[in-house]
Amino acid sequence: QVQLVESGGDLVQAGGSLRLSCAASVSIVSLNVMGWYRQAPGKQRELVASITSGGHTNFAAFVKGRFTISRDNAKNTVYLQMNSLKPEDTAVYYCKASRSDVARRPYDYWGQGTQVTVSS
């Protein structure tokens, strides 16, 4: 079982920055992919950014150039640095970890979410 704890959500003005953290209860080196998703009221959860165990990153088009994702293997933590925030970035941000077992069966784990609110 993998437990994920997000932190860093806050109320910020448009144009501001926040850094979200996702701390894992296991070594993140053992996790194939870690990612950040978000869900705004009345909308579906959507991918924001992800990073593989090899360091390959992927970003949603709506955050390219504004957000970065990074990982600190020593701290078992993944970060989402969010710059130039917009009111439409307001959502609950969730951390997700994915891994496979020896039989290559996939497992996904989710954190409890952290609220990001961007005021105009």
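Analyst: Start with the core. A nonpolar core is a set of buried Ala, Val, Leu, Ile, Met, Phe, Trp, Tyr and Cys residues joined through side-chain atoms within 4.5 Å. Buried means under 20% relative accessible area, exposed over 50%, and partly exposed in between, with a 1.4 Å probe and protein chains only. The largest such core has 30 residues. Leu4, Met34, Trp36, Leu80, Met82 and Tyr93 have the most contacts inside it. Two or more residues each come from strands S3 (18-24), S4, S5 (46-52), S7 (67-72), S8 (77-82), S9 and S11. In soluble globular proteins, nonpolar side chains tend to be buried together.

This is a predicted model: local features need pLDDT of at least 70, side-chain atom pairs count only at pLDDT 80 or more, and totals for chains, interfaces and linings use all residues. Residues are numbered from 1 along each chain as its sequence is written, and side-chain values use heavy atoms, with hydrogens and water left out.

User: What is Leu80 in contact with, leaving aside its neighbours within four places in sequence?

Analyst: Contact means heavy atoms within 4.5 Å. By that rule Leu80 reaches Leu18, Arg19, Leu20, Trp36, Val48, Ala49, Phe67, Thr68, Ile69 and Tyr93.

User: How many helices and strands are there in the protein?

Analyst: Zero helices and 11 strands. Both are DSSP runs numbered from the N terminus: helices are H or I with at least four residues, strands E with at least two.

User: What makes the protein as compact as a globular protein of that length?

Analyst: The radius of gyration is taken over C-alpha atoms, and the globule rule is 2.2 Å times the number of residues to the power 0.38. For 120 residues the rule gives 14 Å, and the protein has a radius of gyration of 14 Å, so it is as compact as a globular protein of that length. The C-alpha trace spans about 50 × 30 × 25 Å along its principal axes. Of the 120 residues, 41% count as buried. Among contacts between residues at least 6 apart in sequence, 54% join residues at least 24 apart.

User: Which strands pair with S9?

Analyst: Two strands pair if DSSP finds at least two bridges between them. S4 (residues 33-39) and S9 are joined by seven bridges and run antiparallel. S10 (residues 106-110) is also antiparallel to S9, with five bridges. Some partners: Met34 is bridged to Ala97 in S9, Ala97 stands opposite Tyr109 in S10, and Val92 faces Gln115 in S11. The hairpin of S9 and S10 has five residues between the strands, and Arg104 there takes a positive phi near 65°.

User: Why is strand S9 called mostly covered?

Analyst: Of the 10 residues in S9 (91-100), seven are buried.

User: Why does Arg38 count as buried?

Analyst: Its relative accessibility is 7%, so Arg38 falls under the cut-off.

User: How do you know that the side chains of Arg38 and Glu46 meet in a salt bridge?

Analyst: A salt bridge is a side-chain nitrogen of Lys or Arg within 4 Å of a carboxyl oxygen of Asp or Glu. The N to O value for Arg38 and Glu46 is 2.9 Å, so the pair passes. Glu46 has a relative accessible area of 31%, so it is partly exposed. By this rule the count comes to five salt bridges.

User: Which salt bridges does Asp89 form?

Analyst: One is with Arg38, at 2.9 Å, N to O. That pair links distant parts of the chain: Asp89 lies in the loop between S8 and S9, Arg38 in strand S4, 51 residues apart. Another is with Arg66, the closest N and O atoms being 2.7 Å apart. Arg66 sits in the loop between S6 (57-59) and S7, 23 residues from Asp89. Asp89 has a relative accessible area of 1%, so it is buried. Arg66, at 11%, counts as buried too.

User: What makes one network of Arg38, Glu46, Arg66 and Asp89?

Analyst: Salt bridges that share partners join these residues.

User: Is Ser50 buried or exposed?

Analyst: Ser50 has a relative accessible area of 14%, so it is buried. Its place is in strand S5. Not counting residues up to four places away in sequence, Ser50 touches Val33, Met34, Gly35, His56, Thr57, Asn58 and Ile69.
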